[in-house]
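Hi there,

Here is the structure I promised to pass on. My notes on what turned up in it follow below.

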Amino acid sequence: VTNQALRTRGTGYVNLGDTEALRITNAITMSAWIKLADATGDQPILVKEGSGKCSYWFGVYNYRFGLLIGTGAGWGVWARSSGSVTTGVWTHVASTWDGTNWCNYLNGERVASGVYSGEMLTSTAPVQIGQNSEWASTHLNGLIDELRIWNRALTTNELAGLAAVRAWPSAPRRGGASSTASTPIWSVTSSAHAITNDAASRSPR
């Protein structure tokens, strides 16, 4: 989709299903540009959870953001209170875990980090954008663009580069760097998926 973003009005979402490539276990990076109409409550950007078991969660929670990593017996990482997300403004958010260390990045700058050496739960639950299939009442309310997933932890320089790339005129430019990140295993800009709810649509940036 060119010059457009995915809009979820608090009820819509996209279901990517379950594929082998999205059953990530050892390392992960999730990044996206978001512009929220509201930032209160539990607002998943991307999540793989079902039957009470979560592999990974990436999103906004009460004006802050971050990730969760599930182990099957509980949470290896519970880190979704990083930074400060402002409504009505395009913001670049990213979370990484390399199998030992996790980090959260806001507009290309690391704002939180910690340690978790363990495993991520392998799950056959669907991956969804804008909603958690386990908790259907949780929805993202706003715009999502340039959502990407890697099965490795991107470096600080790579994430700074992603945040520096101005994909459209109204997005903030953070310096003059360009992205050197490798091709993600999945990207909203390179994959076409059906919108599950009429309240989700493609809208101009």
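Of the 205 residues of the protein, 50% count as buried, where buried means under 20% relative accessible area, exposed means over 50%, and partly exposed is in between (1.4 Å probe, protein chains only). This is a predicted model, in which local features need pLDDT of at least 70 and side-chain atom pairs count only at pLDDT 80 or more, while totals for chains, interfaces and linings use all residues. Residues are numbered from 1 along each chain as its sequence is written, and side-chain values use heavy atoms, with hydrogens and water left out.

The protein has one helix and 16 strands; these are DSSP runs numbered from the N terminus, with helices being H or I of at least four residues and strands being E of at least two.

Helix α1 covers residues 156-164, and its buried residues are E158, L159, G161, L162, A163 and A164. What do they pack against? Their partners are β3 (28-36), β8, β9 and β14 (141-150).

F58

F58 is in strand β5 and counts as buried, because its relative accessibility is 0%. Leaving out residues up to four places away in sequence, F58 touches M30, S31, A32, P44, I45, L46, G66, V93, A94 and S95. With S95 the separation along the chain is 37 residues, yet the two C-alpha atoms are 7.4 Å apart.

R80 and its rings

I would look at R80 next. R80 belongs to strand β7 (residues 75-82), and its relative accessible area of 10% makes this arginine buried. Which rings does the charged end of R80 sit over? One is the ring of W57, at 5.0 Å from its centre, and R80 also lies over the face of Y61, at 3.9 Å from the ring centre. For this, a charge sits over a ring if NZ of Lys or CZ of Arg is within 6 Å of the ring centre and within 35 degrees of the ring normal.

R80 also has a polar partner: its side chain and that of D42 are joined by a polar contact of 3.3 Å. That term stands for a pair of N or O atoms within 3.5 Å; within protein, one must be able to donate a hydrogen and the other to accept it, and residues adjacent in sequence count only if both atoms are side-chain atoms. Setting aside neighbours within four places in sequence, R80 is in contact with D42, W57, Y61, R64, F65, G66, L67 and L68.

Aromatic pairs

The whole structure holds two aromatic pairs. Rings of Phe, Tyr and Trp (its six-membered ring) pair if their centres lie within 6.5 Å; planes under 30 degrees apart count as stacked, over 60 as edge-to-face and the rest as tilted.

W75 and W78 make an edge-to-face pair, because their planes stand at 80°, with the ring centres 5.4 Å apart. W75 is partly exposed at 39% relative accessible area, and W78 is exposed at 52%.

W97 and Y116 are stacked, because their planes are at 25°, and their centres lie 5.6 Å apart. W97 lies in strand β8 (residues 91-97) and Y116 in the loop between β10 and β11 (127-129), so this pair ties together parts that are 19 residues apart in sequence.

A search of the whole structure finds zero disulfides, a disulfide being a pair of cysteine sulfur atoms within 2.5 Å. C54 is buried at 5% relative accessibility, and C103 is buried at 9%.

Finally, there are two asparagines with positive phi. N62, in the loop between β5 (53-61) and β6 (64-70), has phi near 50° and is partly exposed at 39%. N107, in the loop between β9 (101-106) and β10 (109-115), also has phi near 50°, but N107 counts as buried at 15% relative accessibility.

Best wishes

How values were computed. Contact = heavy atoms within 4.5 Å.
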